[in-house]
Amino acid sequence: MSLFVEVALPVPMRQTFSYRVPETYPSTPQIGMRVKVPFGRQQLIGLVTGITDTCSLAPKQIKSVLEFIDDKPLLPESLYKLTLWAARYYFCSQGQMLTQALPVALRKGLDAAPQKIQFWQLTEIGQNIAPEAVKRAPAQKKLLELLKTASLTQEEVISLDISKAALKALEDKGWVARHERVAELNLDWRTSLEMDETPHKLNKEQAVAVATLNLQQGYHCTLLEGITGSGKTEVYLAVLEEILKQGKQALILVPEIGLTPQTINRFKRRFKVNVAILHSGLTDNQRLEAWRQARCGQAAIIIGTRSALFTPMAYPGIIILDEEHDSSFKQQEGVGYHARDLAVMRGHLESIPVILGTATPSLESLQNALSGRYHHLQLGERAGAAKKVRQGIIDIKNMPLKAGMSVPLLNEIRLHLDAGNQVLLFLNRRGFAPALLCHECGHLHECDRCDAFFTVHQSLGEICCHHCGNQYAIPKQCHKCGSTMLMGQGIGTEQLAEALQQEFPKHPVVRIDRDTTRLKGSLETHLNAIHKGEYKILVGTQMLAKGHHFPDVTLVGLLDVDGALFSADFRAPERFGQLYTQVAGRAGRASKPGTVLLQTHQSDNPILRDLLHRGYGEFARSQLKERQQALLPPAWHMVLVRAEAHLASDADNFLNAFAALLPQDKEFEVIGPMPAPLDKKAGKFRRQLLFQAKNRNRLQQEFERIHPLVEQLIEAKRCRWSLDRDPQDLL
């Protein structure tokens, strides 16, 4: 009797594909195993989603599985269910979502079993060789002496800085032999947890939060809303101690790679356990090894960015999302899943608690907490001796500016530097200047593929488009009139850092943005130098604003935030509130009092006033009421349909045809088609259609109804289109 498998492949088609199981296959396939199959002219790796003994295809049409890569399911049942639920929720294929859940190395077909450890031992001949026999080769002599006491693993060879040439020479002589063994599974942490430092004494609010969280059994989602510097990490550590003592693992998600070194160090200092790390800065093999350690239970703590959400745990205990409001948790390319929402769903499927921690909760999480869907814990006072920061606005209308800085701000910087403290200046624009201007004719040099101006990067000697990556050498003459009088218009972090170095030559300046942290390990190097006090002035973009603990920073200056107050995105006030509060939270985190100064031309702006006078908590609650009155998320539920084409009419025609399929009644709202705020990007015109519904389930049903109809539209073949469920970025 023939046996067939349904396979989910990493292709956008929302269906599975049938293949025949070869008669030579010795056992029965299982759901969740990886297989290699022929697909058109190529070979793809997919996951088995079903097993059947019948197939509707004609015998000539059906192909056989080329290889069964695994002998058992790759993902635990809870994660398998999560990926299938996410595929349905985010309107993508099962194959796309299932492969999203796997490290790249597994998608390429590498073995999921624990890696074999290579080690070197002396042979019988080598045992009898006296070290004096190689006295002319000191590296070989040292190696022989080491191997006489014990064998050496590959890790030990690297850590002891042993010469590879010496090792090869001894192998060639037949004195040393290379062997392999399967890594031993060490689960000692489950029975005897060792601590490397004594936990800090908790204040009253922290102690109440820890006690409440430790009482919870099974699935609970808790929003931990604590002002910046209130000691949320200390709460995580205290809760984690209890979880680890129960022999369970913890998954900790952070929004960006920049926060992982700091988070890893805090957890490693406290607990003497194996910590697995997963983020995009690692090699494919490093990520696979961390995934293996988490899956077998050897890693007690797993720390990673968005994609680490799908890491299997042998003994699931808790999921913690730090800075849950951060938009980095939402994937923008490919499958647009939100790690926060899937973390809550995973906690539900695995019956484990989920903690969402932040000083500036997203309005979605805040609504869930206020409505009682999530538990709500608040930390309103700063931990230790830290005091609340002093806030001030500098109205820069009609004021002379030096590289974007006013005289009052420069005077304040001087005062704090003279007192031996550090100063942080925030400017969310990297590069030297955001535009290149001709002083003679006023022409601004625009990207030929996007509706955006080139950013000047003086240190690289180029102008670059931050939207499509288009770049050229800085032109010598104006493209319009031929004049050589070209100048940068506006201020970027590069220009600001240069100006500060000239203004304060005795105080070293460090710039932290995407340009200065491209090299592996460069961000960690900069952060370590800041903590050691090697730099006194810190200049940076959002990378510097999130979650970092700088005890010596007493002044934070925000140079240009006016653009954030006027945006086409309805989320702009929420984002501005979060950004301001997070940046301001870098000041005065230790015993030294902190000051925050904000430069603006809009000192009377109601959003700005509301935020400064009442704080983010009250500001967010008033924003939530406004959204409810305007019938915007999270009150209503949104899907954004994006289309892009070389001809704007092709994208418009498709979205008009799409809109015609959508229901029109009181519970639905269709907005568009309309041009995207950035109308042209990478040579293509972009259009979008907003679709809102009062009821989440009804929205799901309608999209599942029309999705097959949309795929059959003739207009769909003339453009590239995508669906973004719960969009975080309308630009």
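**The nonpolar core**

Reply: The largest nonpolar core has 50 residues. Met97, Phe310, Tyr337, Leu342 and Leu356 have the most contacts inside it. A nonpolar core here is a set of buried Ala, Val, Leu, Ile, Met, Phe, Trp, Tyr and Cys residues joined through side-chain atoms within 4.5 Å. Buried means under 20% relative accessible area, with a 1.4 Å probe and protein chains only. Helix α1 (residues 77-89) gives the most to this core, six residues. Helices are DSSP runs of H or I with at least four residues, numbered from the N terminus.

This is a predicted model: local features need pLDDT of at least 70, side-chain atom pairs count only at pLDDT 80 or more, and totals for chains, interfaces and linings use all residues. Residues are numbered from 1 along each chain as its sequence is written, and side-chain values use heavy atoms, leaving out hydrogens and water.

Now take Met97. Residues up to four places away in sequence are not counted. Contact means heavy atoms within 4.5 Å.

A second, separate core has 33 residues. Among them are Leu363, Leu538, Phe550 and Val561. In soluble globular proteins, nonpolar side chains tend to be buried together.

Elsewhere, two helices meet. Ala139, Gln140, Leu143 and Leu144 in α5 touch Ala166, Leu167, Ala169 and Leu170 in α7.
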